[in-house]
Amino acid sequence: MTTRLDLTRSQILAFRCRVAALDERLPRGQDALRRAAWAGLQDSMPRAALLSIHARMAGAEPASWEDPSLVQVWGPRFSAYVAAQRDLAVFTLGRLPDEAGPLKRAQDIAARLGAVLAGARMPFSEAARAMGEKDANRLRYAAPTGTVVMRWDGARQPEIWNVPAPDMEPHEARLELARRYLHVFGPATPEAFATWAGIRPVGGIAAFAALDRSLTPVRTPLGEAWILSEDEPLFSAAARPPAPARLLPSGDTWFLLQGADRELLVPEERQRRALWTSRVWPGALLVDGAIVGTWRRAEHVLTIQLWRRLSNPQRTAVEAEAGVLPLPGINRPMEIRWDDGYLEGKHDGQ
């Protein structure tokens, strides 16, 4: 590997912020929804995908996650994801197992599930019982075939139904999934891609090898990695002014990172422990392009744990952002509770 480009932390984060539309919201519409979901929107926490859309698109509403142009599936690592309907193949077939055993399991479960559903919609556990499956979670193995989608609103179990198999070769879907990952999370390594996608490392290495002519090797503060060659000009472009404040939900692509990649985003170990907990992750508070704390919500009460002191204008910007969250069922103003205990060493992030 001969690197052609040295990238700094600030260049990498400015690039990611730009491609993620976290510097300026996109005009409302289906094109914006697709761009917001370019690498999928994790939706494992109720309405996380909606809040990720809101962070990137102007005019988001409580039902934006159910726009007809979007679909909900079990995506990378079998987590609930929202993706563009036209990208269904990428987030399903792109993860289809390469090994004979797991591939047969996915196809067999998909076939049995299709026979049970027979064109109807059915609750997740009810379909499992009809199939004779004791563990309903096994139904998720059918997701990479691209023939099962779902609707999960966070309050009840998912409702699932069959759709026609996408008209795309799994190999091409895998390569496009890798391109999506590189564009949103780049610079990246094949091993990191495999971890994110929930495939074996050899699959990630093979995908990067197949994309070789469209990739540029780079050197980052974490070591050697790759970017899409077409993205190279964006890394050299002047950074645009960051958004004053964004409340990113648990699992948002901005911090959906593993291993050393987390160090690039959050250099201080104590803060990494507070963000990437061993339990359910909190949301991340982004102020002027930097993560400055975490947040959690209970109904209309939003508690913010700060990692550093904010100016009065910065607090006002955060409060304004909280006030326009398009949350369903909240019919009163959001109440902000500022938790400054972390600044005095009262929280350890565990």
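Which element gives the most to the lining of the largest pocket? Strand S12 does, with three residues. The model is predicted: local features need pLDDT of at least 70 and side-chain atom pairs count only at pLDDT 80 or more, whereas totals for chains, interfaces and linings use all residues. Residues are numbered from 1 along each chain as its sequence is written, and side-chain values use heavy atoms, with hydrogens and water left out.

**Pocket and cavity**

The two kinds of void are defined on a 1 Å grid over the protein atoms alone: a cavity is a set of points where a 1.4 Å probe fits but cannot get out, a pocket is an open set with protein on both sides within 12 Å along at least five of seven lines, and lining residues have an atom within 4 Å of a point. Grid points are joined across faces, edges and corners, and a volume is the space filled by probe spheres set on the points. For residue classes, Ala, Val, Leu, Ile, Met, Phe, Trp, Tyr, Cys and Pro count as nonpolar, Asp, Glu, Lys and Arg as charged, and the others, Gly among them, as polar.

| Void | Volume | Lining by class |
|---|---|---|
| Largest cavity | about 60 Å³ | five nonpolar, one polar, two charged residues |

The pocket lining has 15 residues, of which Met-45, Pro-46, Ser-250, Trp-295 and Arg-297 lie nearest the centre. Helix H3 (48–56) and strand S12 (290–298) are the elements that give two or more residues to this lining. Helices (H or I, at least four residues) and strands (E, at least two) are DSSP runs, numbered from the N terminus.

The structure holds one cavity of 30 Å³ or more. Arg-16, Ala-20, Arg-56, Val-184, Phe-185, Thr-253, Trp-254 and Leu-257 line the largest cavity.

**Helix H1**

Helix H1 (residues 9–19) has Ile-12, Leu-13, Phe-15, Arg-16, Cys-17, Arg-18 and Val-19 as its buried residues; buried means under 20% relative accessible area, exposed over 50%, and partly exposed in between (1.4 Å probe, protein chains only). These buried residues pack against helix H2 (30–36), helix H7 (170–185), strand S8 (215–220), helix H10 (232–236) and helix H11 (261–265).

The axes of H1 and H7 come within 8 Å and cross at roughly 115°. Phe-15, Arg-16 and Val-19 of H1 make the contact with His-183, Val-184 and Phe-185 of H7, contact meaning heavy atoms within 4.5 Å. Axes are lines fitted to C-alpha atoms, for helices over the stretch in contact, and angles run from 0 to 180 degrees between N-to-C directions. Ala-21, which follows H1, has a positive phi near 60°.

**Sheet S10 to S14**

Five strands form an open sheet in the order S10-S11-S12-S13-S14, with mixed pairing. Its edge strands, S10 (245–248) and S14 (335–339), each pair on one side only. The twist averages 25° from one strand to the next. Two strands pair if DSSP finds at least two bridges between them. S13 (residues 301–306) and S14 pair in the parallel sense over five bridges, and Val-301 has Glu-335 in S14 as its bridge partner. Helix H13 (residues 312–323) lies across S10, S11 (283–287), S13 and S14, and runs at about 50° to S10.

**Gly-154**

Gly-154 lies in the loop between strand S6 (148–151) and strand S7 (159–162). Gly-154 counts as partly exposed because its relative accessibility is 28%. Not counting residues up to four places away in sequence, Gly-154 touches Pro-46 and Arg-47.
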